[in-house]
Amino acid sequence: MQNATEQPNTIRSYYEGLANGVFRAIACKSCGRYTFPPTGCCEHCGSWNVEPAELSGEATLLFATHNITPACHPRFEKIAPYVYGHLQLKEGPIVQAIVVGVKATPQDLRELFERGPVPAKAETLQMDDLPVLAFRVTG
């Protein structure tokens, strides 16, 4: 295990990657699974034997809903109301993220629900203060 002062800044690396359209996680050398967003240890087996990994950005949208209440943070006021969902990344982890390209209306959400799980691709929303992970339905 690395000394804590020698470990790379995982959060900074994540946001720097996101700003450049690179989606970073960690891959566990002990169990082979991915942790996303990246942390200092494996969320599956607890091992500290991890290494940075880039994700494909490919996912399957499993569930989507909308945010019709006030945005949960001022940074999201410009895009509210918006759709967010649960997505399973190609590499395995399930994440929650904003879904772009779908209107936050009951009709559009029903149409998306009836299509079932649909493919999606990660992209970055450049907000005023930091980049935010989002996904766009591709199929």
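**Briefing: a chain of two helices and eight strands**

The chain holds two helices and eight strands. Helices (H or I, at least four residues) and strands (E, at least two) are DSSP runs, numbered from the N terminus. This is a predicted model: local features need pLDDT of at least 70, side-chain atom pairs count only at pLDDT 80 or more, and totals for chains, interfaces and linings use all residues. Residues are numbered from 1 along each chain as its sequence is written, and side-chain values use heavy atoms, with hydrogens and water left out.

**Overall build**

- From the N terminus, the elements run α-β-β-β-β-β-β-α-β-β.
- The C-alpha trace spans about 50 × 30 × 25 Å along its principal axes.
- Of the 139 residues, 35% are buried. Buried means under 20% relative accessible area, exposed over 50%, and partly exposed in between (1.4 Å probe, protein chains only).
- Among contacts with a separation of 6 or more, 47% join residues 24 or more positions apart. A contact means heavy atoms within 4.5 Å.

**Surface**

- Accessible areas come from the Shrake-Rupley method with a 1.4 Å probe; for residues, only the protein chains shown count as cover.
- Leu 62, Phe 63 and Ile 94 make a nonpolar surface patch of about 300 Å². Patches take residues with over 30% relative accessible area and no salt bridge; nonpolar side chains (Val, Leu, Ile, Met, Phe, Trp, Tyr) are joined within 5 Å, like charges within 9 Å.
- Phe 63 sits in strand S4 (residues 58-67). Its relative accessible area is 47%, so Phe 63 is partly exposed.

**Salt bridges**

- The count is six salt bridges. Each is a side-chain nitrogen of Lys or Arg within 4 Å of a carboxyl oxygen of Asp or Glu.
- Lys 29 pairs with Glu 51, their closest N and O atoms 4.0 Å apart. Lys 29 is in the loop between strand S1 (23-28) and strand S2 (34-35), and Glu 51 is in strand S3 (residues 50-55), so the pair ties together parts 22 residues apart in sequence.
- Lys 78 and Asp 128 form a salt bridge (2.6 Å, N to O). Lys 78 lies in the loop between S4 and strand S5 (82-89), and Asp 128 in the loop between strand S7 (118-126) and strand S8 (131-137), so this pair ties together parts 50 residues apart in sequence. Lys 78 is exposed at 63% relative accessibility, and Asp 128 is exposed at 69%.
- Glu 111 and Arg 115 meet at 3.5 Å, N to O, in a salt bridge. Both lie in helix H2 (residues 106-115), four residues apart, about one turn of the helix.
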